[in-house]
Amino acid sequence: MHLSFVFFFNSFLLGLGLAMDAFSVSLANGLAEPDMKKRKMSLIAGTFGFFQAFMPMLGWVCVHTVVRHFKAFELFVPWIALVLLLFIGGKMLLESMINTRKGESDEGADPGRLSPGMLVVQGVATSIDALSVGFTISNYGWLQALFCAMIIAFVTYFISLAGLLTGRRVGVRLSNKAGILGGCILIFIGLEIFLTGAF
């Protein structure tokens, strides 16, 4: 196994590129829940980091085992991300608009509170396109691929934390409009992943 500076640098850049969707979703989560506790922020960032590391490793395994089936599945990746993020973003947007109409703030109605199930859905939606990274790292040995995945997870964790902190700070100022903005961001990310992957 050869772990050179170039390997670490390339893995870091890969992590940076993959973490951008996680950053945007974290921003939306922070906006929707301005009073989010540090423990929950760490859990969200950790979940995104886990999925961003798991998907490339899964892709690597697929390349070395069932490459034909994986190639066929790759066509559905943008659609899956689109459906998941449209669902989460639409739900957040709708609940925030209903509560705004009723004159309630996000704090009182909890429209943006992230359930464990929704967190897993977000983790999958923002990392599913990282499956294709398995092709990029297919020439690595399994230990090298694992190191690369760990670097991606590390980078994603801190970028997601930055997104949550930024969103939380802005969310306090936006009051009950934060959930609406967060929902719009998630819908936009879903469309962006779909358009990039499909075309």
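1. **Before you start.** This is a predicted model, so to speak a computed one: local features need pLDDT of at least 70, side-chain atom pairs count only at pLDDT 80 or more, and totals for chains, interfaces and linings use all residues. Residues are numbered from 1 along each chain as its sequence is written, and side-chain values use heavy atoms, with hydrogens and water left out.

2. **The overall fold.** The chain has 9 helices and 0 strands. Here helices (H or I, at least four residues) and strands (E, at least two) are DSSP runs, numbered from the N terminus. Going along the sequence, you get the pattern α-α-α-α-α-α-α-α-α. Of the 199 residues in the chain, 45% are buried. Buried means under 20% relative accessible area, exposed means over 50%, and partly exposed is in between (1.4 Å probe, protein chains only).

3. What makes the nonpolar surface patch of about 680 Å²? Its members are Phe5, Val6, Phe9, Phe12, Leu13, Leu16 and Met20. A patch is made of residues with over 30% relative accessible area and no salt bridge; like charges are joined within 9 Å, and nonpolar side chains (Val, Leu, Ile, Met, Phe, Trp, Tyr) within 5 Å. The areas come from the Shrake-Rupley method with a 1.4 Å probe, and for residues only the protein chains shown count as cover. Val6, one of the patch residues, lies in helix H1, which covers residues 5-32.

4. **Rings in pairs.** A pair of aromatic rings is described by the distance of the centres and the angle of the planes. Rings of Phe, Tyr and Trp (its six-membered ring) pair if their centres lie within 6.5 Å; planes under 30 degrees apart count as stacked, over 60 as edge-to-face and the rest as tilted. By this rule the count is 7 aromatic pairs. One of them is Phe5 with Phe9, which is stacked, at 6.0 Å centre to centre and 15° between the planes. Phe5 and Phe9 are about one helical turn apart, because they sit 4 residues apart in helix H1. An α-helix has 3.6 residues a turn, so residues three or four places apart point the same way. Phe5 is exposed at 67% relative accessibility, while Phe9 is partly exposed at 41%.

5. **A second ring pair.** Phe7 and Phe8 form an edge-to-face pair, with 5.4 Å centre to centre and 75° between the planes. Together with Tyr140, Phe7 and Phe8 form one aromatic cluster.

6. **The salt bridge.** Side chains of opposite charge can pair when their charged atoms come close. How many salt bridges does the structure hold? There is 1, and a salt bridge here is a side-chain nitrogen of Lys or Arg within 4 Å of a carboxyl oxygen of Asp or Glu. Lys40 and Glu33 are the partners, at 3.1 Å from N to O. Lys40 is partly exposed at 23% relative accessibility, whereas Glu33 is buried at 6%.

7. **Cysteines.** The structure holds 0 disulfides, a disulfide being a pair of cysteine sulfur atoms within 2.5 Å. Cys62 is buried, with a relative accessible area of 13%, and Cys148 is buried at 1%.

8. **Helix H6.** Residues 116-127 make up H6, a helix of 12 residues. From first C-alpha to last it reaches 17 Å, close to the 16 Å expected at 1.5 Å a residue; the expected span is 1.5 Å times one less than the number of residues. Its buried residues are Met118, Leu119, Gln122, Gly123, Ala125, Thr126 and Ser127.

9. Gly30 and Leu164 are 134 residues apart in sequence, yet 4.5 Å apart in space, C-alpha to C-alpha. Trp60, in helix H2 (residues 38-64), is buried at 12%. Asp129 sits in the loop between H6 and helix H7 (133-136) and is partly exposed at 26%. The C-alpha atoms of Asp129 and Met55, 74 residues apart along the chain, are 8.1 Å apart.
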